[in-house]
Each structure stands twice: as C-alpha cells, then as structure tokens.
Amino acid sequence: MTENKEPQSLEPLFNNSADVDHCGEKKYFYRIRFREQGQEYTALSSASDLCNGDVVMVEAEQCPEPVTVISRTAGVTEPDIKRGFSYKILRRANSEERKKYEYLPILEKQAASFCRECIKKHSLSMHLVRAERFFNGSKVIFYFTAEN
C-alpha cells in the first residue's frame with residue numbers, strides 16, 4: 001500500500017547511493033509514481049540530479065509513459081546485492097509531454113464520467129473504481145467492482 005507521507009530528506013544516505021553498471025556508469029534509484037495518489041515504484045536512472053516533482057519518461061510495456069519523481073532512494077549496503085527496479089527512466093519529459101501529463105487526469109475523469117453514465121443507463125450492478133488512460137491515448141482501462 002502506498003504511504004501518503006511527505007518525502008523525507010534522505011541526503012545523508014546518499015554518500016554511497018549509486019551502483020555502477022558493467023560499463024562503469026553510475027546508476028541511481030528513484031521512487032516514482034504514475035498518478036498523484038497511485039502506487040510507488042522503483043526506477044533506475046543514470047541521472048543523479050532528479051528531484052521531487054520532476055516529470056520523467058519511463059520505459060513502459062506499451063509506450064514511454066510519464067511519471068513523477070517522488071524521491072531518490074538509498075543505495076544498497078552490500079556490494080554483492082543486485083538492486084531490483086520496476087522501470088528504467090529514459091529522460092526528462094519535454095514541455096509538451098509535461099502539459100499533456102497535467103491534462104491526463106481530466107481525460108481520465110471524463111472517461112470515468114462516461115462509464116458511470118453507461119452503468120446507469122444499462123442498470124449494471126457494478127461500481128466504477130477509476131479510469132486510467134494510457135499516455136499515448138491508445139487505451140483506457142476501467143477498474144470496477146461487481147458481484148459477478
């Protein structure tokens with residue numbers, strides 16, 4: 001479950017917070033989130049200067065997706081331990097991508113409203129939890145609960 005805590009400053013933990021890949025390039029780990037109240041994930045990046053609130057593009061299954069950086073994470077303490085991560089940060093989002101990302105919740109609310117109208121119109125016994133739209137617009141996923 002995602003905690004709704006204010007990000008804490010972990011700067012003292014960052015003295016040794018980078019791992020080095022096989023090419024000798026330093027890699028940094030960040031906590032990221034796709035949606036404002038969504039689940040947090042760990043992402044890998046070669047950028048050491050990402051901050052809370054930065055919008056970056058990650059490599060996702062369907063297409064690059066924007067995410068918000070929550071914080072940088074502490075590095076591994078044991079040199080033989082490989083650090084796991086869910087996503088790879090490709091780059092910072094450009095201004096057009098940031099604008100589109102800011103508009104995404106509005107499009108998701110519109111999709112949810114449309115779905116609720118359909119549920120009501122067809123007297124379906126289901127409860128819409130949320131609608132999630134892919135950044136490229138190729139798909140909308142509706143999450144719902146129902147008895148059957």
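**Close-up views of a predicted model**

**View 1. Strand β4 beside strand β6.** Strand β4, residues 55-58, pairs with β6 in the antiparallel sense, and 3 bridges join the two. The model shown here and in every other view is predicted. Within this pairing, Met57 has Arg91 in β6 as its bridge partner.

**View 2. Strand β3 beside strand β6.** The strands β3 and β6 run parallel and are joined by 2 bridges. Strand β3 covers residues 40-45, and strand β6 covers residues 87-92. Opposite Lys88 in β6 stands Leu44.

**View 3. An aromatic cluster of Phe34, Tyr41 and Tyr87.** These residues, Phe34, Tyr41 and Tyr87, form one aromatic cluster. The protein has 4 aromatic pairs in total. In one of them, the ring centres of Phe34 and Tyr41 lie 5.9 Å apart and the ring planes meet at 80 degrees, so this pair is edge-to-face. The reasoning uses a cut-off: planes over 60 degrees apart count as edge-to-face. Is Phe34 buried or exposed? Phe34 is buried, because its relative accessible area is 16% and the limit for buried is under 20%. Tyr41 has a relative accessibility of 23%, so Tyr41 counts as partly exposed. Tyr41 also pairs with Tyr87, with 5.4 Å from centre to centre and 85 degrees between the planes, and this aromatic pair is edge-to-face. Tyr41 belongs to strand β3 and Tyr87 to strand β6; the two residues are 46 residues apart, and their pair links distant parts of the chain.

**View 4. Charged side chains over aromatic rings.** Which ring lies under the charged end of Lys100? The charged end of Lys100 sits over the ring of Phe135, at 4.5 Å from the ring centre. In a second case, Arg130 lies over the face of Tyr143, and the distance to the ring centre is 4.1 Å.

View 5. Helix α1 spans residues 95-121 and contains Glu97. Glu97 has a relative accessibility of 13%, so Glu97 counts as buried. Which residues does Glu97 touch, leaving aside those up to four places away in sequence? They are Met57, Arg91, Arg92 and Phe135. Met57 and Arg91 are also the bridge partners shown in View 1.

View 6. Ser71 is part of strand β5, which covers residues 65-72. With a relative accessibility of 17%, Ser71 counts as buried, because the limit is under 20%. Residues up to four places away in sequence are not counted here; apart from these, Ser71 touches Tyr30 and Arg31.

**View 7. The whole protein, for orientation.** The protein has 1 helix and 8 strands. Read from the N terminus, the order of these elements is β-β-β-β-β-β-α-β-β. The protein has 148 residues, and 33% of them count as buried. Among contacts between residues at least 6 apart in sequence, 53% join residues at least 24 apart.

How values were computed:
Residues numbered from 1 in each chain as written. Predicted model: local features only at pLDDT ≥ 70, side-chain atom pairs only at ≥ 80, totals over all residues. Heavy atoms only, no water. Phe/Tyr/Trp six-rings, centres within 6.5 Å; stacked < 30°, edge-to-face > 60°. Buried < 20%, exposed > 50% of the residue type's maximum accessible area, 1.4 Å probe, protein only. Helix = DSSP H or I, 4+ residues; strand = E, 2+ residues; numbered from the N terminus. Lys NZ or Arg CZ within 6 Å of the ring centre and 35° of its normal. Contact = heavy atoms within 4.5 Å. Pairing = 2+ DSSP bridges.
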